[in-house]
Amino acid sequence: MDEMIETKVELANVLAVHPRLAENRWGESASASRKEEFERLVLSCGSILMDSHVVKVRRVLPASLIGTGQAKEIAHLVEVHEADVVFVDFQLSPIQQRNLE
């Protein structure tokens, strides 16, 4: 007879970050819709969404996408919410990803 093996799956605590570029003028409705869709995507991964944070980006920085002040603010939110993972609603370059880690 086959024996069932019970496994325990730990869910990741996730902080979702939504960069809003000044050059993209979607409007409130479109921004809210995109944010909601991204949050559903995070939840569909079986994660626990701890917080969802919008970051206004005036100018994309090649090294990190966002400024150091915004990066520190996100790092603080990671600590406060004890997030294991940060999902960013933007296609980061490998350098941006590495610098933000």
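The following legends describe close-up views of a predicted model.

The model is predicted, with local features requiring pLDDT of at least 70 and side-chain atom pairs pLDDT 80 or more, whereas totals for chains, interfaces and linings use all residues. Residues are numbered from 1 along each chain as its sequence is written, and side-chain values use heavy atoms, with hydrogens and water left out.

**View 1. Helix α2 and the residue that follows.**
Helix α2 comprises the 14 residues 68-81. The expected span of a helix is 1.5 Å times one less than its number of residues. For α2 this span should be 20 Å, and the end C-alpha atoms are 20 Å apart, which agrees. Just after α2, Glu82 adopts a positive phi of about 50°.

**View 2. The largest pocket.**
The largest pocket holds about 500 Å³ of space. Pockets are found on a 1 Å grid over the protein atoms alone, where a 1.4 Å probe fits: a pocket is an open set of points with protein on both sides within 12 Å along at least five of seven lines, a cavity is a set from which the probe cannot get out, and lining residues have an atom within 4 Å of a point. Grid points are joined across faces, edges and corners, and the volume is the space filled by probe spheres set on the points. The lining of the largest pocket consists of 19 residues, with Ile74, Val86, Val88, Leu100 and Glu101 nearest its centre. At least two lining residues come from each of β1 (13-21), α2, β3 (85-88) and α3 (94-100). Helix α2 contributes the most, with six residues. By class, 13 lining residues are nonpolar, four are polar and two are charged. In this classification, Ala, Val, Leu, Ile, Met, Phe, Trp, Tyr, Cys and Pro are nonpolar, Asp, Glu, Lys and Arg are charged, and the others, Gly among them, are polar.

**View 3. The second largest pocket.**
About 210 Å³ of space lies in the second largest pocket. Its lining has 12 residues, and those nearest its centre are Arg20, Gly27, Glu28, Ser31 and Val54. Strand β1, helix α1 (28-44) and strand β2 (48-57) each provide at least two residues of this lining. Helix α1 supplies the largest share, four residues. The lining of the second largest pocket divides into five nonpolar, three polar and four charged residues.

**View 4. The salt bridge between Asp89 and Arg34.**
Three salt bridges are found in a search of the whole structure; the criterion is a side-chain nitrogen of Lys or Arg within 4 Å of a carboxyl oxygen of Asp or Glu. One of them joins the side chains of Asp89 and Arg34, at 3.1 Å from N to O. This pair links distant parts of the chain, 55 residues apart, with Asp89 in the loop between β3 and α3 and Arg34 in helix α1. The side chains of Arg34 and Asp89 also make a polar contact of 3.1 Å. A polar contact is a pair of N or O atoms within 3.5 Å; within protein, one must be able to donate a hydrogen and the other to accept it, and residues adjacent in sequence count only if both atoms are side-chain atoms. Asp89 is buried at 9% relative accessibility, whereas Arg34 is partly exposed at 34%. Here buried means under 20% relative accessible area, exposed over 50% and partly exposed in between, with a 1.4 Å probe and protein chains only. Arg34 and Val17 are 17 residues apart along the chain, and their C-alpha atoms are separated by 12 Å.

Lys35 and Glu39 form a salt bridge in which the closest N and O atoms are 3.7 Å apart. Both residues lie in helix α1, four residues apart, about one turn of the helix. Lys35 is partly exposed, with a relative accessible area of 25%, and Glu39 is buried, at 18%. A salt bridge also joins Arg40 and Glu36, with the closest N and O atoms 2.5 Å apart. Because Arg40 and Glu36 are four residues apart in helix α1, about one helical turn separates them. Arg40 counts as exposed at 52% relative accessibility, while Glu36 counts as partly exposed at 42%.
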